[in-house]
Amino acid sequence: MNKKTKLRIALGSATLVVAAATGTALASGDSSSGSERPSTAQDKQGGQDKQQTPAVVKADGANLFPHSLAFDAPSKSFYVGSLKHGTVSAVGTDGKVRTFIDDPQIVSAQAVNIDRERGRVLVSNVDYGTADRSRKDAPFKVAGVGSYDLETGKQNWCVDLTALTLDGKQHLISDVTVAPDGTAYAVDELTPTVFRIDPEGNASVFLRDDLLQGTLDIPDFLDDVGMAAVEYVAGDQLIIAMADGSLVRVPVQHPEDAQKVRLSAPLASPTAGMRLLADGSITAVSSGLLTGKPAQIQHVTPADGWQTATATVTDTVTDPVTSDVTEGPGGTTYALSGGLADLLAGKPNDGFTLTPVRTG
């Protein structure tokens with residue numbers, strides 16, 4: 001069975017798994033967390049009241065189907081990519097959505113990364129075969145990263161990463177991170193390949209290693225799903241989250257020394273997105289797409305320079321198909337539920353949800 005056929009079958013099966021466990025959650029769009037929301041600030045000295053608890057953001061972007069998001073503190077805006085339209089939208093804390101980037105070269109916009117130091121937005125270009133601009137007969141044949149001006153949304157460059165591999169395989173650039181020198185690193189969920197892209201858009205293969213080969217099968221959809229998210233961390237390293245719940249540490253100067261992080265317990269699977277916290281730890285979200293159970297928010301605390309780490313569950317989000325986490329206003333963390341199950345099932349939706357979650 002080819003993967004195009006699997007995608008068609010999955011249009012029904014993914015929704016059935018989720019709906020069976022959540023009742024009317026998908027139909028109603030209810031993505032509120034299953035636990036009490038955190039406060040935006042700690043108690044001040046002198047017994048002053050806490051700030052107001054951050055609110056769930058119900059965004060009005062119908063049929064955008066975002067998979068990941070980033071937050072820009074100066075403008076107090078979230079930026080989300082659309083798997084359906086290939087656009088990137090800015091979302092206010094009031095839920096109002098406006099199109100910010102509309103580049104015809106982007107088929108589906110998956111990863112979104114704000115690089116304010118260089119005044120740009122990085123966007124990964126993918127193709128599930130379900131977008132307005134998709135080649136419906138050849139899904140997962142698009143793999144790239146684009147850079148866009150943070151003020152205007154105009155393209156700086158857009159690089160085709162399949163031109164570096166010429167392997168004829170299926171590709172999915174699931175996430176992008178940026179090092180302090182402006183170098184971007186992009187991970188491919190369907191091959192064990194990490195790409196490096198300099199600030200001018202010159203790309204190369206950074207690492208290809210069997211350690212990064214995917215092992216997770218999503219029934220009737222995709223086999224061998226691998227790298228789901230990446231963060232640049234202290235010590236000049238990349239931490240890569242694999243869909244199966246493992247983490248891989250890659251020293252940037254010696255990528256050949258990549259090795260698995262020894263975790264106290266694997267992250268829930270499939271792991272979908274990560275956020276690097278100020279103290280150097282990571283918050284990760286694991287989608288409940290395969291089980292229909294609430295998505296899990298997990299805190300990963302490193303030791304020994306990320307050779308080992310402790311993972312604990314800190315929160316849940318009722319919508320199982322929650323796919324990313326990011327910074328929010330006032331030091332909060334928000335999780336994105338973008339309606340992926342509806343997209344796979346060919347159903348419309350009326351927007352998406354950003355839910356504040358506990359990280360520790």
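In this predicted model, a network of salt bridges links D115, E117, R118 and R120. Two of the pairs involve D115. With R118, the closest N and O atoms of the salt bridge lie 3.0 Å apart; with R120, the corresponding separation is 2.7 Å. The surroundings of these side chains can be read from their accessibility. D115 has a relative accessibility of 6% and counts as buried, because the cut-off for that class is under 20%. R120 is buried, as D115 is. R118, with a relative accessible area of 28%, is partly exposed.

The structure holds 6 salt bridges in total. One of them is formed by the side chains of D132 and K84, with an N to O distance of 3.8 Å. D132 sits in the loop between strand 7 (120–126) and strand 8 (144–149), and K84 sits in the loop between strand 3 (77–81) and strand 4 (87–92), so this pair ties together parts that are 48 residues apart in sequence. Both residues are partly exposed: D132 has a relative accessible area of 47%, and K84 has a relative accessibility of 26%.

T162 belongs to helix 3, which covers residues 162–165. Its relative accessibility is 19%, and T162 therefore counts as buried, the limit for that class being under 20%. The side chain of T162 makes a polar contact with the side chain of D160, at 2.6 Å. Once neighbours within four places in sequence are set aside, T162 is in contact with K141, V142, A143 and H171.

From here the description turns to nonpolar residues. In soluble globular proteins, nonpolar side chains tend to be buried together. The largest nonpolar core in this model has 33 residues, and V145, L161, I173 and V176 are those with the most contacts inside it. Which elements give two or more residues to this core? They are strand 7, strand 9 (155–160), strand 10 (173–178), strand 11 (184–188), strand 12 (193–197), strand 14 (216–218), strand 15 (222–225) and helix 4 (340–344). Helix 4 gives the most, with 4 residues. For L161, leaving aside neighbours within four places in sequence, the residues in contact are A143, G144, V145, I173, A186, F195, I197 and A203. Apart from this core lies another, of 17 residues, which include A179, F206, V248 and A258.

The last part concerns a sheet. Strands of a sheet pair through backbone hydrogen bonds, either parallel or antiparallel. Here, 5 strands form an open sheet in the order 20-24-23-22-21, with mixed pairing. What stands at the edges of this sheet? Strand 20 (262–263) and strand 21 (271–276) do; each has a single partner strand, so one side of each is left without a neighbour in the sheet. Strand 20 pairs with strand 24 (residues 308–317) in the parallel sense, over 2 bridges. R262 has T308, in strand 24, as its bridge partner.

Definitions and conventions. Residues are numbered from 1 along each chain as its sequence is written. This is a predicted model: local features need pLDDT of at least 70, side-chain atom pairs count only at pLDDT 80 or more; totals for chains, interfaces and linings use all residues. Side-chain values use heavy atoms; hydrogens and water are left out. A salt bridge is a side-chain nitrogen of Lys or Arg within 4 Å of a carboxyl oxygen of Asp or Glu. Buried means under 20% relative accessible area, exposed over 50%, partly exposed in between (1.4 Å probe, protein chains only). A polar contact is a pair of N or O atoms within 3.5 Å; within protein, one must be able to donate a hydrogen and the other to accept it, and residues adjacent in sequence count only if both atoms are side-chain atoms. Contact means heavy atoms within 4.5 Å. A nonpolar core is a set of buried Ala, Val, Leu, Ile, Met, Phe, Trp, Tyr and Cys residues joined through side-chain atoms within 4.5 Å. Two strands pair if DSSP finds at least two bridges between them.
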